[in-house]
Structure formats: structure tokens, C-alpha cells
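Student: I am new to this structure and would like to learn how to read its features one at a time. Could we begin at the surface and then work inward?

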Amino acid sequence: MGSQLISNVFKALGHPIRIQIIKLLKDGELCVCDILPNLDAEQSNTSQHLAVLKNQSIVESRKEGSKVIYSIKHKEVYEMIDYAETIILRQIEDTKESLLNK
């Protein structure tokens, strides 16, 4: 697998609003009208973030009347976020340990 392809996935995940969107979709599909009130972002900005996630096949969408409904395409993205959170917690523990041992 190419390093560039892997990098593209991480770039798509590399913004706090996109992580928030992914976490919002964990419980199931939502339309933009449900996602937007939970973010500190304008609708156009949110749509751009959703487009980045969609271009990397992290989310998918379907039309339901006039609404566009988004969902997570591959649930493994949650494992990636969990791993990142585990790394952060370990970094915090390492920092605490190094401060206590000084």
C-alpha cells in the first residue's frame, strides 16, 4: 500500500471538526441539519469537511428527499481514533512519570 494513500487518510482525519463529525456519526447516520448544531462551524465549512471525509471514503451519503444523510463507510475509523486516544493517554502518563521522577 502506498505511503501517499495512507497519508491522505490521516490528512482527512487531521482536523478537529472532522473528528467531531466522525464521533457524531458513531451512533448512526445523520443529516447535515443534525450535524451542524453540534459543531462550532458554519454550514459551508461543515459541508467542506464532509466533502473531505467523503472523498477519502470515510463517510458516505445518500439523498432522502431534500436532505443528504451521512454515515460512516468503514467502522475501522473508530479503531484509529481509539488508538490515537490511547497514545495520547500514554503520553500524559509518561509526562506525569517524568515530572514525578525529577
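**Reading the surface and the core**

Tutor: M1, L5, I6 and F10 together make a nonpolar surface patch with about 500 Å² of accessible area. The model is a predicted one, in which local features need pLDDT of at least 70 and side-chain atom pairs count only at pLDDT 80 or more, while totals for chains, interfaces and linings use all residues. Residues are numbered from 1 along each chain as its sequence is written, and side-chain values use heavy atoms, with hydrogens and water left out.

Student: Is M1 buried or exposed?

Tutor: The general idea is that buried means under 20% relative accessible area, exposed over 50%, and partly exposed in between, with a 1.4 Å probe and protein chains only. M1 counts as exposed because its relative accessibility is 87%, and its place is in the segment before α1, residues 3-13; helices (H or I, at least four residues) and strands (E, at least two) are DSSP runs numbered from the N terminus.

Student: Which residues have the most contacts inside the largest nonpolar core?

Tutor: In soluble globular proteins, nonpolar side chains tend to be buried together. A nonpolar core is a set of buried Ala, Val, Leu, Ile, Met, Phe, Trp, Tyr and Cys residues joined through side-chain atoms within 4.5 Å. Here the largest has 19 residues, and those with the most contacts inside it are I21, I22, L25, I35 and I58. Two or more residues come to this core from each of α1, α2 (16-24), α3, α4 (43-55), β3 (67-72) and α5 (76-100).

Student: What does I35 touch?

Tutor: Contact means heavy atoms within 4.5 Å. Not counting residues up to four places away in sequence, I35 touches I21, L24, L25, L30, T46, L50 and Y70. T46, in helix α4, touches I21, I35, L36, L39 and A41 under that sequence limit, and T46 counts as buried because its relative accessibility is 0%.

Student: How far apart are D34 and I69 in space?

Tutor: D34 lies in helix α3, residues 32-35, and although D34 and I69 are 35 residues apart in sequence, their C-alpha atoms are 9.5 Å apart. D34 counts as partly exposed because its relative accessibility is 39%.

Student: Where is S57 found?

Tutor: S57 is found in the loop between α4 and β2 (59-64), and its phi is near 60 degrees, a positive value in a residue other than glycine. S57 counts as partly exposed, because its relative accessibility is 31%.

Methods: Patches are made of residues with over 30% relative accessible area and no salt bridge: like charges are joined within 9 Å, nonpolar side chains (Val, Leu, Ile, Met, Phe, Trp, Tyr) within 5 Å. Accessible areas come from the Shrake-Rupley method with a 1.4 Å probe; for residues, only the protein chains shown count as cover. A salt bridge is a side-chain nitrogen of Lys or Arg within 4 Å of a carboxyl oxygen of Asp or Glu.
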